[in-house]
Amino acid sequence: MIEATLCFPLRDGETGADPATDADLATDDETGREVLLIEKRRGLGEGWYNGPGGKCEPGETPRECAIRETREEVGLEVRDLEKAGELRFLLDGEAHTFCHVYRTRSFEGEPTASEEAAPEWVPVDDVPYDRMWDDDRLWLPGVLEGKTVAGEFRFEGGTPLDEADFVDHEMAWDASLEGDQDEKRSY
Ligand SMILES: Nc1ncnc2c1[nH]c(=O)n2[C@H]1C[C@H](O)[C@@H](COP(=O)(O)OP(=O)(O)OP(=O)(O)O)O1
């Protein structure tokens, strides 16, 4: 089984107003939170939006992987990652990918495009679920609200995973996440 990660950096939205001069013009509607998504430029899920992330390398903890992948894909140094989910993806009845999901409000740098990903700050209320994996609309809204999730998502129709049909799922919110340690899981 592949072990992988996703990381969702969050920030307070920009109002477009100069806070020094236009503070009275800013309303709650204009200051929604934003999440950093990527448009994947190659590989699994190419052309779709997702969080930065990818496969864990040998000897690497999931947390280290999420930090490295975010740096490599969009040039952002993320810190203080909070574990938000553990997602098990099955393909044709077989375990395919175990994905550790993180969120953070702590990061340094400006998102920059790479060969693998084009980054974009997106209002949390306007995430393009129609351009993402089918399962994302089920768990990502809760993750962006601060919940934790454990889920199993079943795909059918052969490889690659991103061409298979999403058929079924089970999900539990406020789950205690067994893998929320800085240690490599063993399967
Ligand atoms: N079903 C579903 N929903 C949401 N996200 C995902 C899935 N399946 C997935 O595999 N993923 C995520 C998990 C990972 O973040 C990526 C896939 O990793 P990938 O881009 O193949 O890994 P890298 O290590 O970056 O790629 P290469 O360097 O090998 O090209 O999708």
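This dialogue explains how to read several features of the predicted model shown above.

Student: How many helices and strands does the protein have?

Tutor: Helices (H or I, at least four residues) and strands (E, at least two) are DSSP runs, numbered from the N terminus. Here there are three helices and 11 strands. Along the sequence they follow the pattern β-α-β-β-β-α-β-β-β-β-β-α-β-β.

Student: How is the pairing of strands read, and how does β6 run relative to β10, parallel or antiparallel?

Tutor: Two strands pair if DSSP finds at least two bridges between them. β6 and β10 run parallel and are joined by seven bridges, with Phe89 opposite Phe153 in β10. β10 and β11 run antiparallel, joined by eight bridges, and Ala150 stands opposite Ala172 in β11.

Student: What share of the residues is buried?

Tutor: A residue is buried if 20 or more other C-beta atoms lie within 10 Å of its own, exposed if 12 or fewer, and partly exposed in between, with C-beta atoms placed from the backbone. In this protein of 187 residues, 32% are buried.

Student: Which residues touch the most other members of the largest nonpolar core?

Tutor: A nonpolar core is a set of buried Ala, Val, Leu, Ile, Met, Phe, Trp, Tyr and Cys residues joined through C-beta atoms within 7 Å. The largest one has 34 residues, and Cys7, Val101 and Val143 touch the most other members. Among the elements giving two or more residues to this core are β1 (2–12), α2 (62–74) and α3 (136–145).

Student: With which residues is Val143 in contact, leaving aside its neighbours within four places in sequence?

Tutor: Two residues are in contact if their C-beta atoms, placed from the backbone, lie within 7 Å. With those neighbours left aside, Val143 is in contact with Phe8, Ala84, Gly85, Val101, Arg103 and Val149.

Student: Which residues of α3 are buried, and why do they lie on the same side?

Tutor: An α-helix has 3.6 residues a turn, so residues three or four places apart point the same way. In α3, the buried residues are Asp136, Trp139, Leu140 and Val143. They are on the same side of α3 because they cover an arc of only 100° around the axis, taken from the directions from the helix axis to the C-beta atoms. Arg137 and Glu145, on the other side of α3, are exposed. The buried residues of α3 pack against β1, β6, β7, β10 and β11 (165–173).

Student: Which residue just after α3 takes a positive phi?

Tutor: That residue is Gly146, with a phi of about 105°. Asp92 also has a positive phi, about 50°, although it is not a glycine. Asp92 lies in the loop between β6 and β7, and it counts as partly exposed because it has 13 C-beta neighbours inside 10 Å.

Student: How many residues surround the ligand?

Tutor: A residue is near a molecule if its C-beta atom, placed from the backbone, lies within 6 Å of it. Here 19 residues surround the ligand, and the closest are Gly43, Gly53, Gly54, Lys55 and Trp133. β1, β4 (53–55) and β7 each supply at least two residues of this shell.

How values were computed
Residues numbered from 1 in each chain as written. Predicted model: local features only at pLDDT ≥ 70, side-chain atom pairs only at ≥ 80, totals over all residues.
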